[in-house]
Amino acid sequence: MRYYIIIPTYNEEKFISLTLQSLVEQTVLPSKLIVVNDNSTDKTAEIVSEFACNYPFISLVNKKSDAIHMPGSKVIQAFQEGEKHIDEAYDIIVKIDADLIFSANYFETIINHFQSDEKIGMVGGFCYIEKNGEWILENLTDKDHIRGALKAYRKETFKQIGGLKVQMGWDTVDELLCKFYNWKVITDESLHVKHLKPTGASYTKAARYKQGEAFYTLGYGLFITAIASLKLAMRKGKPLLFLDYLKGFWKAKRENKNMLVTTAQAKFVRKYRWKKMKEKLF
């Protein structure tokens, strides 16, 4: 199966070479690898250009946008810019971050999963962060969720869910829509990926409210939002984030923000979330 990778980047000179090196050492190489340099002010573009000179499947795309790192919008706009530079001759499309180190067999294993079952729509491994000299699981989500840092989609699935949404919550709605359309989402605990920069390290205070907005636009409703907000805040070790998330939810509701899902999909999402919560309680 042919796979294409798109990597949105902004000021990643410290890590991008490590990520690219791990990708050019894969046992099954990508057919195309697009790095979108989103208005970086460091040497990100120069580093990528050096790799592109040595590996013909790598290419650099430059994009101009606001430098503020707001989760969801900036990264997906960059990803969509990368989409403009690929053709349709792929079986799998991959969005990854520019601060990851993959094991050499990572994408061979991803491909094997897709080949094992034609109803598998998404596959991913797990992010690990360094703490006190050890690599530990970056435990921000349930183990059946694929982190936004490393998403691999079957082409047909990617098309059916409408690609990636330019809004925080994109990496949750994609999986919910997969389930809505009866695709399987697979996480492989044997695939450990080194995440060199902890999630949210460069987020502004305004970005905190975006999480609550995301819960609103996913159709969660207030009660599910409250539970999800408390759970996420505690996992991050910052209980007061719970209040920021709820403020973001109410702000989005007052402003009648555009939903990421249809009415039917929102109903499915709430039903699915209630089912998951009941499974954990009982």
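Trainee: With which side chain does the side chain of H195 make a polar contact?
Mentor: A polar contact is a pair of N or O atoms within 3.5 Å. In this predicted model, the side chain of H195 has such a contact with the side chain of D99, at 3.3 Å. A polar atom of the H195 side chain also lies 3.0 Å from the backbone oxygen of K197.

Trainee: Where is H195 found, and is H195 buried or exposed?
Mentor: H195 is in strand β9, which covers residues 184–195. A residue counts as buried under 20% relative accessible area. H195 has 3%, so H195 is buried.

Trainee: Which side chain does K276 contact?
Mentor: The side chain of K276 makes a polar contact of 2.5 Å with the side chain of D144. K276 belongs to helix α10, residues 263–281. Its relative accessible area is 19%, so K276 is buried.

Trainee: Let us turn to strands. How should I read the side chains along one?
Mentor: In a regular strand, side chains alternate between the two faces of the sheet. Take β1, residues 3–9. Y3, I5, I7 and T9 point one way from β1, while Y4, I6 and P8 point the other way.

Trainee: How many of the seven residues of β1 are buried?
Mentor: Seven of the seven are buried, so β1 is largely enclosed by the rest of the structure.

Trainee: Which strands does β1 pair with, and in which sense?
Mentor: β1 runs parallel to β2, residues 32–38, and six bridges join the two.

Trainee: What covers the count for β4: how many of its residues are buried?
Mentor: β4 spans residues 92–96, and five of its five residues are buried. Both faces are covered: I92, V94 and I96 lie on one side, and I93 and K95 on the other.

Trainee: In which sense do β4 and β8 pair?
Mentor: β4 and β8, residues 150–154, pair in the antiparallel sense over five bridges. I92 has R154 of β8 as its bridge partner.

Trainee: What about helices? How do I read the side chains there?
Mentor: An α-helix has 3.6 residues a turn, so residues three or four places apart point the same way. Now look at α6, residues 170–180: eight of its eleven residues are buried, so α6 is largely enclosed by the rest of the structure. The buried residues are W170, T172, V173, D174, E175, L176, L177 and C178.

Trainee: Which residue with a positive phi follows α6?
Mentor: N182 follows α6, and its phi is near 65°.

Trainee: C178 is a cysteine in that helix. How many disulfides does a search of the whole structure find?
Mentor: A disulfide is a covalent bond between the sulfur atoms of two cysteines. The search finds zero disulfides here.

Trainee: Which residues make the nonpolar surface patch?
Mentor: F223, I227 and W274 make the patch, which is about 290 Å². F223 lies in helix α8, residues 221–235. With a relative accessible area of 54%, F223 is exposed.

Trainee: One last pair. How many residues apart in sequence are M122 and V193, and what is their distance in space?
Mentor: M122 and V193 are 71 residues apart in sequence, and 17 Å apart in space from C-alpha to C-alpha. M122 is placed in strand β6, residues 120–131. At 0% relative accessibility, M122 counts as buried.

Conventions: Residues numbered from 1 in each chain as written. Predicted model: local features only at pLDDT ≥ 70, side-chain atom pairs only at ≥ 80, totals over all residues. Heavy atoms only, no water. Buried < 20%, exposed > 50% of the residue type's maximum accessible area, 1.4 Å probe, protein only. Helix = DSSP H or I, 4+ residues; strand = E, 2+ residues; numbered from the N terminus. Pairing = 2+ DSSP bridges. Polar contact = N/O pair within 3.5 Å; in protein donor to acceptor, adjacent residues only side chain to side chain. Patch = residues over 30% accessible without salt bridge, like charges linked within 9 Å, V, L, I, M, F, W, Y side chains within 5 Å. Areas by Shrake-Rupley, 256 points an atom, 1.4 Å probe, with all protein chains shown as cover. Salt bridge = Lys/Arg side-chain N within 4 Å of Asp/Glu carboxyl O. Disulfide = S-S within 2.5 Å.
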